[in-house]
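Hello,

Here is the structure for you to look over. My notes follow below it.

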Amino acid sequence: MTKPAPKEWILGISPYVPGKAAADDGRPLIKLSANENPLGTGQAARAALIAATADLATYPDPGAAKMREAIAAAHGLDPARVIYGTGSDELLHIAASAYAGPGDEILYVKYGFSVYDIAARRVGATPVIAPDTDYATDVDALLACVTDKTRVVFLANPNNPTGTMTPRQDIARLHAALRPDILFVLDQAYAEYLDADEDDGGIALAKSAPNVLVTRTFSKIHGLAAERIGWGYASAEIIDALHRIRAPFNVTTAGQAAAIAAIGDSGWVDASRTHNRQWREWLAGEIASLSNHGLRAVPSKANFLLILFEGKLTAEGAMKGLWDEGYATRWLPGQGLPNGLRITIGTAEQVRAVAAKLRAMAEGA
């Protein structure tokens, strides 16, 4: 050997591809490709972040104590069992690192979040993909894929990129059927978009079960994607293991302050949820009216729709047509969905413009 060589499993990783913000010719686009909050950031969080930037020379609180306490108070949790990360992505990665390695298997569903594959391969574990049922999680199919090598099961709920929701009784059934030595990671990045009666019971499970980790983020409904703040909850033993490999000082001072303010701004969360529900259902109705042209929206509980193109208009063609209108969406051939576009629910004006362009393209194809 004449130069350093990465581990073979690292070379098997396809790097994460972020949502586009520009067309291939460099034109900036309105970004409906990354599931950000189209209303922006609440004023309380914005003000807290700006105020906290006065001191840039001092490291942030390494224990994020006030932020953990605020999260715990909001959800009835033990602050000592709250962990925090650079987005929830960091927590997904360190969960894989702490509980799996070469010779182990990490299980997730077809059309699951692309980070799960990266997290598995990064530690040398074997990714195992369970089949779905019409783009939704199939609990029985997941359980059929469990082997004696399974160490971690990842499940996003609502799921990304499909937006589908696994109900509480199925989450409980899945957990009950998993061996106690398997870490069940329930990724709830979009949980705040759910109504109270749609809660999947993940937080309650994490309070009592020794093998459940729930992760959440401030990047979506709270509008703090630029600050990269995630959090999770699990047993004391799991949290201890994750802290051993968590990056130090991983949430900035300003980020911690903004998160605390965001937690207290229930009005902003309610307004964002209401807006999302209204325009998600409106766009889903518009897509349903184009079913005779081969368009179909997968039922979603998140802040986006996965639209399937099964007629003359292709997903790639629709993506490029929306570029011409000034909008970036997420085409997903790398995730086995060459016929799918994931479109974030934007402002009322943006959603109407996207729907009008899709109609014009579908009817003209």
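**Helices on the sheet**

Helix α7 (residues 168-177) lies across β5 (150-156), β6 and β7, and runs at about 160° to β6. Helices (H or I, at least four residues) and strands (E, at least two) are DSSP runs, numbered from the N terminus. Contact means heavy atoms within 4.5 Å. Axes are lines fitted to C-alpha atoms, for helices over the stretch in contact; angles run from 0 to 180 degrees between N-to-C directions.

This is a predicted model: local features need pLDDT of at least 70, side-chain atom pairs count only at pLDDT 80 or more, and totals for chains, interfaces and linings use all residues. Residues are numbered from 1 along each chain as its sequence is written, and side-chain values use heavy atoms, with hydrogens and water left out.

Helix α3 (residues 65-75) lies across β2, β7 and β8 (229-233). Helix α3 runs at about 120° to β2.

The sheet itself is open and has seven strands. Their order is β2-β8-β7-β6-β5-β3-β4, with mixed pairing. Two strands pair if DSSP finds at least two bridges between them. β2 (82-86) and β4 (126-130) are at the edges. Each has a single partner strand, so one side of each has no neighbour in the sheet. From one strand to the next, the twist averages 25°.

β6 (residues 183-187) and β7 (residues 212-217) pair in the parallel sense over four bridges. There, V185 stands opposite L213 in β7.

Last, D270. It is found in helix α11 (residues 266-288). D270 and S88 are 182 residues apart in sequence and 22 Å apart in space, C-alpha to C-alpha.

Best wishes
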